Structures are given as structure tokens and as C-alpha cells.
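Open the model in your viewer and keep the selection tool at hand. The tour goes stop by stop.

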Amino acid sequence: MTERLTIRRPDDWHVHLRDGAMLHAVVPHTARQFARAIVMPNLAPPITRIADAEAYRARILAAVPEGMDFTPLMTCYLTDAADPQEIERGFAQGVWAACKLYPAHATTNSSHGVTDIRALRTVLETLQRIGMPLLIHGEVTDREIDIFDREAVFVERTLAPLVRDFPALKIVFEHITTAEAVDFVTASGPMVAATITPQHLHLNRNALFDGGLRPHAYCLPVVKRERHRLAVRAAAVSGSPAFFLGTDSAPHEIDRKEAACGCAGIFNAPYAIESYAAVFDEESALDKFAGFASEHGPRFYGLPLNTETVTLERAGQRVPDRIGEGALALVPFHGGETIGWRLVD
Ligand code: DOR
Ligand code: ZN
């Protein structure tokens, strides 16, 4: 049995770092494990201008503890008024790594999102021409559609036509949760990839109602049926370069989670790499772990692979029920459970 696993240092291709005191509370967890992270722009107000992104990046860097080496990769939040010139300029300047498309009202702080993707033609043509990735929250927002079907319907209604119309556009289908998404990405060829979160590998929708309502298992897209979890797991451990690590760690204060209308988001940053390692171990696929965690992402983005390494060891560690103090206390993913792997500092 493998007892220690040394891999190229991983990156997180999808994370929410927030701002202010929360930013300072969560950044150390991500920076401890990951060399780089794609930082989501859904602040209030969202990050849409180069200057906003530069200022946010500086605030993130100021929250990185002394001695840790961490590079935030910034994203541009697309609105109906997205400016193709601002996007092209920011990409050329190395400020933006990608654009993020939230369908309006799909999730947290998405009210400024895109109401009709067809109206963004000039932006999409620009992204395709300059090779800048488009990161997509892939759920329809039509309230008539059952929430468990919103990703599959998005594939059919929006993503398939988009890929057909923009065949050279680099697309990351974020936090996929369904067999339909896996099948679409697998069939799409090298311009389409997907990130996969730890929660969508570990949980099915029973977790939402396990002996009572479980707000800390609630995120968007919501966790799905077991057959979808198994399809997403198979994709993650397949070795396909189209699937890579993106935690979607999304912290919310405890009283905003444990509420009559609780926020969507799972704070998985503190034990993210161990959580993924446990899945690859369970699937007897530890040989595929480095590809998923450290290689497929940078290759898709066209960025260099990290050169340093990290080591994980097989060792049970108990995840605390809470992390942090007072108003900044957070409930981590796997809180109260024991995970079978540990990152060696
Ligand atoms: O669960 C989620 N939380 N899904 C998202 O798409 C957004 C995120 C957040 O920002 O809290
Ligand atoms: Zn997200």
C-alpha cells in the first residue's frame, strides 16, 4: 500500500477567497496547499475592471502568511455590459487569467451576471481570438426547471450551441455534478475542460437530508443522485486531461449558513488536498492523482507546471467541527470526520 505520495505542488482552479476579514481568515488555508488559484470575481460589487482586479490581487497577497508562496490568478466577472477591450487589455497585461460567466441569479452574488449569452457575441469572439479561457457556471436559471436538472438542461440549451458556434473557444465547465456534464466534456475535444470539487466526489443528495436538514452540505450546483456522483468520480480518476482540480471552496459565516434561507457554499479549503487524495485512494487511482491535481489544469490554461513538490502521507486526521473564532468561525467540509491522508508541511 502506498504510504507516502509526493506530487508536483497542486493548484486550485476555482476558489472563492472573499474580502476583508474573511479573506484574511481563508487565504492561509489555500496558500498552504496550492501554488496558484483561480480566484472567483463574485464580490459585491463584482470584479469587472482591470483596476479592481489589481487592487483585489494586492489585498489577497497581503493576506498570504509570511513564508508561503502563492499566486492568485484573477478573473473578470462578465455582465451584460462586459467591455471586450477592457478584457483584451487586462489579459495582455497579465492581470486576468480568464473570464467568469454566471448566468444572472444562478448563485451567490450573480445578480449582475449575464441575462443572455447570445448578446455577448463580441466578447466571446474576443476570448476565442486571444485564447483567453471562459469559465462557466453551468446551470439554467429558469425556475420552472427542477433544481436537480439545471446543469443537464444548461448543457443542452446553452453549452452545446456555444461550443458549436465557438469551436476554438477555451471553456472550463466549472464544478460539474452530473453524468451529462461528464459525457459532454468527454465528447467535446481539447477546447472544453471541467473542474471537479471535493464535495461532488464525496456526497450525493442524501447528504442534504441526513437525519435533518444539513446546510453545510448545500452548495450550487447542488449535489446530485448517487449515479451522478459515481460518473463524476470516474471522470476525476480517469486520467483524462479534460478534468482537473477546482475546490469551489466558498466560505459563509455560520449564521448565514444555518438560517431559514441559508447561503450556498461549502468551505472545503482547509483539507482540500487530503479530501481529493482520499477519493483517488478509494478508487485505487493514486497514480492518476498528480495529473488531476497538478498537471491537467496548467496545461489547459497554457501555464507552466509547478516545479516544487508536496508530500501526503497515509495518516488519519480528525477535521475540527469549526475553524476560526467568533464571527469568522467557519464549518469546514468533513468537520467532525477523520480523513485518511495528511499533507506533510
Ligand atoms: O455554492 C456556491 N457558492 N456556488 C457558487 O456558485 C457560488 C458560491 C459562493 O460564492 O458562495
Ligand atoms: Zn464557485
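Which residue in S10 is the bridge partner of arginine 8? Select threonine 309: that is the partner. Bear in mind throughout that this is a predicted model.

**Stop 1**

S1 and S10 pair in the antiparallel sense, over five bridges. The three strands form an open sheet in the order S1-S10-S11, and the pairing is antiparallel. Strand S1 (4-8) and strand S11 (338-344) are the edge strands, each pairing on one side only. Neighbouring strands of this sheet are turned by 35° against each other on average, direction ignored.

Next, colour strand S10 (residues 309-318). S10 pairs with S11 over six bridges, again in the antiparallel sense. Arginine 318 has threonine 338 in S11 as its bridge partner. Glutamate 313 has arginine 342 in S11 as its partner.

Show H10 as well. This helix packs on the sheet and touches S10 and S11. The direction of H10 makes about 115° with that of S11.

**Stop 2: two packed helices**

Two packed helices are described by the angle between their axes and the distance between the axes. Select helix H10 (residues 272-282) together with helix H11 (residues 289-301). They pack at an angle of about 140°, and their axes are 9 Å apart. From H10, show Ile273, Tyr276, Ala277 and Phe280; from H11, show Phe289, Phe292 and Ala293, which they meet. What is the make-up of the contact of H10 with H11? The residues divide into seven nonpolar, no polar and no charged.

**Stop 3: an enclosed strand**

Move to S4. Six of its seven residues are buried, so S4 is largely enclosed by the rest of the structure. Strand S3 (residues 36-39) pairs with S4 in the parallel sense, over four bridges. To find one of these bridges, pick arginine 36: its partner in S4 is threonine 71.

**Stop 4: the two sides of H3**

Select helix H3 (residues 84-92). Glu86, Ile87 and Gly90 are buried in this helix. Why do they lie on the same side of H3? Because they cover an arc of only 100° around the axis. Turn to the face away from the buried side: Gln85 and Ala92 are exposed there.

Now show what covers the buried residues of H3. The cover includes helix H2 (50-62), strand S4 (71-77), strand S5 (96-101) and helix H4 (121-130).

At the start of H3, a side-chain oxygen of aspartate 83 reaches to within 2.9 Å of the backbone nitrogen of glutamine 85. Just after H3, glycine 94 takes a positive phi of about 80°.

**Stop 5: a buried loop residue**

Go to isoleucine 176. You will find it in the loop between strand S7 (171-173) and helix H6 (179-188). Is isoleucine 176 buried or exposed? Its relative accessibility is 0%, so isoleucine 176 counts as buried. Show its surroundings. Leaving out residues up to four places away in sequence, isoleucine 176 touches Glu151, Ala181, Val182, Ala194, Thr195, Ile196, His200, Val232 and Phe243. For a sense of scale, draw a distance from the C-alpha of isoleucine 176 to that of leucine 43. The two are 133 residues apart along the chain, and their C-alpha atoms are separated by 22 Å.

**Stop 6: backbone exceptions**

Most residues other than glycine have a negative phi, and most peptide bonds are trans. The last selections depart from that.

- Select alanine 44 and proline 45. The peptide bond between them is cis, with omega near -5°. Proline 45 sits in the loop between S3 and H2.
- Select leucine 220 and proline 221. A cis peptide bond joins them, and omega is about -5°. Proline 221 is in the loop between helix H7 (198-202) and helix H8 (226-236).
- Select arginine 18, in the loop between strand S2 (12-15) and helix H1 (20-33). Arginine 18 is not a glycine, yet has a positive phi of about 60°. At 14% relative accessibility, arginine 18 counts as buried.
- Finish at aspartate 248, in the loop between strand S9 (243-245) and helix H9 (254-257). Aspartate 248 also is not a glycine and has a positive phi, of about 55°. With 6% relative accessibility, aspartate 248 counts as buried.

Definitions and conventions. Residues are numbered from 1 along each chain as its sequence is written. Chains are lettered from A and ligands numbered from 1 in the order in which they are written. This is a predicted model: local features need pLDDT of at least 70, side-chain atom pairs count only at pLDDT 80 or more; totals for chains, interfaces and linings use all residues. Side-chain values use heavy atoms; hydrogens and water are left out. Buried means under 20% relative accessible area, exposed over 50%, partly exposed in between (1.4 Å probe, protein chains only). Contact means heavy atoms within 4.5 Å. Axes are lines fitted to C-alpha atoms, for helices over the stretch in contact, and angles run from 0 to 180 degrees between N-to-C directions. Ala, Val, Leu, Ile, Met, Phe, Trp, Tyr, Cys and Pro count as nonpolar, Asp, Glu, Lys and Arg as charged, and the others, Gly among them, as polar. The arc is that of the directions from the helix axis to the C-beta atoms. A polar contact is a pair of N or O atoms within 3.5 Å; within protein, one must be able to donate a hydrogen and the other to accept it, and residues adjacent in sequence count only if both atoms are side-chain atoms. Two strands pair if DSSP finds at least two bridges between them.
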